[in-house]
Amino acid sequence: MDINQSIDDIRIKAIEEFTIKSITPLFGRVNQKIDQIGTGTFFKMGEKRLLITANHIFDNIVISDGVYLAKSPENKPNYFELYRLEKFDLLTPNKELKDLVDVAIIDFTDYDDIQTLERNWHFLPITQIQGKTIDKIHGSVIITGYPSERLSNMLNTSAFITAYTKLLDSVPKNIFPGAIPYDKRVDLYFEYRQEAISIPNNNIINTPNAIGMSGCPIWEYVSSKGIWSPEKSLYIIGIQSSFVHKQYIRGKSSFAVNELLDKAFDNNSDSINAINK
């Protein structure tokens with residue numbers, strides 16, 4: 001994560017307050033207990049209400065045992081009331097695309113779930129996701145989510161992090177063995193230093209382990225014309241897929257997210273697996 005700050009403190013605080021209302025930790029039953037499996041972001045697309053995250057977070061849980069999220073943003077530092085989803089469709093890429101497109105969509109189908117979540121959370125317009133191609137990143141890059149180590153430490157501080165990073169100029173040479181080969185259409189690599197600037201107090205801190213942040217949004221901050229607002233200046237350019245602590249973060253680009261969105265709601269597509277709960 002980049003140690004250089006490039007957005008003023010007032011706007012960073014507004015960005016954090018804006019993003020935290022749309023991003024939830026996700027939980028499932030792991031080894032007979034409820035544990036965090038990742039991070040997801042709420043979206044609205046027409047009449048649909050969705051949550052987008054990483055596909056691999058569902059590999060080690062049984063969906064019928066329950067998928068949980070936070071009922072609302074933190075009521076107080078590091079405190080969440082868990083909410084079990086009643087009915088939803090889990091839309092994932094088929095076997096041929098699974099490794100390439102590490103993206104999953106929860107399509108909420110239960111009226112009561114949608115009513116409860118819309119009362120407490122802000123569903124971003126789907127246009128907050130960048131278009132299909134990213135030729136060059138022009139602005140600052142910010143990653144937001146819930147590292148498990150901060151969620152499990154019962155400290156009087158928020159578990160949510162907002163941190164700077166930057167796109168790496170080349171593919172890291174030290175990609176861990178067994179990793180999915182690089183594909184320039186969908187893979188983005190970002191800096192993940194040992195130290196980062198803590199927002200908003202500007203202290204230099206050791207970066208947390210990113211376990212639990214799989215599926216979290218990666219944003220580009222760009223200058224906007226007219227009256228400033230986070231909505232006009234932030235676009236999701238990808239979601240976190242994997243990482244090597246203190247070396248790099250690997251993201252799946254908005255191209256991958258949009259590809260899955262296109263295919264998920266195309267009745268003629270055979271590229272999607274749908275699990276109905």
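Q: Which residues does Leucine 69 touch, not counting residues up to four places away in sequence?

A: This is a predicted model. In it, Leucine 69 touches Thr24, Pro25, Leu26, Phe27, Phe42, Leu51, Glu81, Leu82, Tyr83, Leu85, Phe108 and Leu117.

Q: Which residues have the most contacts inside the largest nonpolar core?

A: In soluble globular proteins, nonpolar side chains tend to be buried together. Here the largest nonpolar core has 58 residues, and Phe58, Leu69, Leu85, Ile106, Phe108 and Leu117 have the most contacts inside it. Helix α5, residues 254-264, gives the most to this core, contributing 5 residues. Another core, of 15 residues, lies apart from it; Ile137, Ile218, Ile237 and Ile249 are among its members.

Q: What percentage of the residues in the protein is buried?

A: Of the 277 residues, 53% are buried, that is, under 20% relative accessible area. The protein has 5 helices and 17 strands.

Q: How much space lies in the largest cavity?

A: Rolling a probe the size of a water molecule over the atoms shows where empty space is left. In this model there is 1 cavity of 30 Å³ or more, and the largest cavity holds about 40 Å³ of space.

Q: Which residues line the largest cavity?

A: Its lining consists of Thr41, Phe43, Ile52, Ile129, Gly215, Pro217, Ile236, Ile239 and Val257. By class, 7 of these are nonpolar and 2 are polar, with no charged residues. Strands β2 (33-45) and β15 (234-244) each supply at least two residues of this lining.

Technical notes:
Residues are numbered from 1 along each chain as its sequence is written. This is a predicted model: local features need pLDDT of at least 70, side-chain atom pairs count only at pLDDT 80 or more; totals for chains, interfaces and linings use all residues. Side-chain values use heavy atoms; hydrogens and water are left out. A nonpolar core is a set of buried Ala, Val, Leu, Ile, Met, Phe, Trp, Tyr and Cys residues joined through side-chain atoms within 4.5 Å. Buried means under 20% relative accessible area, exposed over 50%, partly exposed in between (1.4 Å probe, protein chains only). Helices (H or I, at least four residues) and strands (E, at least two) are DSSP runs, numbered from the N terminus. Contact means heavy atoms within 4.5 Å. On a 1 Å grid over the protein atoms alone, a cavity is a set of points where a 1.4 Å probe fits but cannot get out, and a pocket is an open set with protein on both sides within 12 Å along at least five of seven lines; lining residues have an atom within 4 Å of a point. Grid points are joined across faces, edges and corners, and a volume is the space filled by probe spheres set on the points. Ala, Val, Leu, Ile, Met, Phe, Trp, Tyr, Cys and Pro count as nonpolar, Asp, Glu, Lys and Arg as charged, and the others, Gly among them, as polar.
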